[in-house]
Amino acid sequence: MIQKPKGTYDVYGDYSKKIKYFEKLINSLMEKYNYEYIRTPLFESSDLFHRGVGETSDIVTKETYDFKDKGDRNLTLRPEGTAGVVRSFIENKMYSNSLLNKFWYYGPMYRYERPQKGRYREFYQFGVEAFGSSDPMMDAEVISIPVNLFKLLGLKEITVHINTLGDIESRNNYREALKKHFKPYLSELCDDCNNRFLKNPLRILDCKVDCDHSCIKSAPKISEYLNEESKNHFENVKKYLDSMGINYVVDESIVRGLDYYTHTVFEVEAKVEGFGSQNVLCGGGRYNDLVKTLDGPEIPGVGFALGLERLFTALEYENIDISEKINLDVFIIPICEEAKTKAVKYLNVLRMNGFNVDMDFLGRNLKNNLKTLEKINPKFVMIIGEEEINSGVLTLKNNETHEEYKVENENLIYFLDSNIEGE
Ligand code: ATP
Ligand code: MG
């Protein structure tokens, strides 16, 4: 038997009901925020990720799904959403309206990782990218999105961690300081860190192998290297978060080390025991240089990405059930051959009048149909037999109270409208 690829999962049953609810929620939340939905290809030129995500990131050094197509092009399954959105923003010259451009996306990402709880090879992300404003108000708005989403979902045990990497000048000074600091320890650090030392020493602070080494704890802090402008930006982000009533902790260990991050970086953590580093539900930050790095104009941006699977685990941990129940209004049971014609007619008419309707397609007898009604759980059962066909009066039964109603053909919609509460 052929099985699903390692690190992937199928969506059905309760999980599918949760996803449906989640998708509706992000749709409506993003309308409230005035963000536009954007969709980009699942694969892109490999170069895009090398340049856009950062050559020294884990994502690019070891996690991409790369392939050559039949035209000998080097392509990569997208490991994250930002690079594709930025590429599309530039390629389609969306900046030409000189307005603020705010986008949200939702879809599968691919990373060749060791599968475990909260870590898959195909996983879903919901994220946003806001281009055009370097105002710290924008950082605060972006941070407020996952925070408000978690609030709407009822998650309580979450912590927002924020930090700043400063502008390029501050970060370059910090880089030099880190290099000086780590140099004597290089032989004790992992191969990856040795590589990071050369290309992007900030990422050493983010290493999952060496995270307990004392030299990481004793490393210089970015706060000592921020220039006035960078300090100001960060102070304002905090001020706006305070004003929105959003709690956060300043956490200098958050670096998200990608080269393109400037100023604010943040992560939202949940509390799931035994979940390890998978407790990080979402991460993001400001990237004032990314659009330019990908050959676009100098336009600042800020965004975040949130992993669905981890969010769902956190919800489970807090016993929050978001699965959306489908409420069936009517279930139709034709009990003779002739009644089928009428049954399919009402099936169609009622659906087009806005009711959720299904019928017995299995040709079961009345007794067997009634037995499964508890599972199907419609508000009304409509039984059509010879009597109903001849009299033009329909029999409807309230599935909960078992009360029976006789309804004239032409009054059916009126009857259902007045007996079923609209959404
Ligand atoms: P981690 O440090 O846990 O590997 P990351 O820094 O690689 O995370 P990002 O690239 O910032 O993660 O992605 C944002 C979010 O996407 C993460 O916070 C997480 O919720 C989710 N995510 C990342 N990788 C995976 C994965 N392999 N499986 C499931 N979710 C993932
Ligand atoms: Mg990762």
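Isoleucine 59 is buried, with a relative accessible area of 12%. The cut-off for that label is under 20% relative accessible area. The model in which this value was computed is a predicted one. Isoleucine 59 belongs to helix 3, which covers residues 58–62.

Leaving aside neighbours within four places in sequence, isoleucine 59 is in contact with Val53, Thr64, Pro79 and Arg111. Isoleucine 59 can also be placed relative to glutamate 113: the two are 54 residues apart in sequence, and their C-alpha atoms are 9.1 Å apart in space.

## Phenylalanine 49 and helix 2

Helix 2 runs over residues 46–53 and contains phenylalanine 49. Phenylalanine 49 is buried, because its relative accessible area is 1% and the label applies under 20%.

Not counting residues up to four places away in sequence, phenylalanine 49 touches Glu44, Gly54, Val60, Thr76, Arg78, Pro79, Glu80 and Ala83. One of these, valine 60, is 11 residues from phenylalanine 49 along the chain, and the C-alpha atoms of the two are separated by 7.0 Å. Pro79 is in contact with phenylalanine 49 and also with isoleucine 59.

## A nonpolar surface patch

Leu42, Phe43 and Phe67 make a nonpolar surface patch of about 250 Å². Phenylalanine 67 is found in strand 3, which spans residues 65–68. The relative accessibility of phenylalanine 67 is 34%, so the residue counts as partly exposed.

## Salt bridges

Side chains of opposite charge can pair when their charged atoms come close. The structure holds 22 salt bridges. One of them joins aspartate 192 to lysine 62, with the closest N and O atoms 2.7 Å apart. Aspartate 192 lies in helix 7 (residues 191–199) and lysine 62 in helix 3, so this pair ties together parts that are 130 residues apart in sequence. Aspartate 192 is partly exposed, with a relative accessible area of 31%, and lysine 62 is partly exposed as well, at 44%.

A salt bridge also links the side chains of glutamate 113 and arginine 119, at 3.0 Å from N to O. Both glutamate 113 and arginine 119 are buried. In another pair, glutamate 235 forms a salt bridge with lysine 238, and the closest N and O atoms are 3.2 Å apart. Glutamate 235 and lysine 238 both lie in helix 9 (residues 228–244), 3 residues apart, which is about one turn of the helix. Glutamate 235 counts as partly exposed at 44% relative accessibility, whereas lysine 238 is buried at 15%. Glu44, Arg87 and Glu91 are linked in a network of salt bridges. Glu44 is also among the residues that phenylalanine 49 touches.

## Positive phi angles

Asparagine 34 has a phi near 65 degrees, a positive value in a residue other than glycine. Asparagine 34 is found in the loop between helix 1 (13–32) and strand 1 (36–37). With a relative accessibility of 62%, asparagine 34 counts as exposed.

Histidine 263 is not a glycine either, and its phi is positive at about 55 degrees. The loop that holds histidine 263 lies between strand 8 (249–250) and strand 9 (264–270). Histidine 263 is buried, with a relative accessible area of 5%.

The protein chain is divided into domain 1 (13–167 + 227–317) and domain 2 (330–419). The C-alpha centres of domain 1 and domain 2 lie 48 Å apart.

Helix 16 spans residues 412–419, and Leu412, Phe415 and Leu416 are buried in it. Seen down the axis of helix 16, the buried residues fall within an arc of 95 degrees, so they line one face of the helix. These buried residues pack against strand 12 (330–334), helix 12 (339–352), strand 14 (380–384), strand 15 (393–398) and strand 16 (404–408).

Note on methods: Residues are numbered from 1 along each chain as its sequence is written. Chains are lettered from A and ligands numbered from 1 in the order in which they are written. This is a predicted model: local features need pLDDT of at least 70, side-chain atom pairs count only at pLDDT 80 or more; totals for chains, interfaces and linings use all residues. Side-chain values use heavy atoms; hydrogens and water are left out. Helices (H or I, at least four residues) and strands (E, at least two) are DSSP runs, numbered from the N terminus. Buried means under 20% relative accessible area, exposed over 50%, partly exposed in between (1.4 Å probe, protein chains only). Contact means heavy atoms within 4.5 Å. The arc is that of the directions from the helix axis to the C-beta atoms. Patches are made of residues with over 30% relative accessible area and no salt bridge: like charges are joined within 9 Å, nonpolar side chains (Val, Leu, Ile, Met, Phe, Trp, Tyr) within 5 Å. Accessible areas come from the Shrake-Rupley method with a 1.4 Å probe; for residues, only the protein chains shown count as cover. A salt bridge is a side-chain nitrogen of Lys or Arg within 4 Å of a carboxyl oxygen of Asp or Glu. Domain bounds come from an automatic or database domain assignment.
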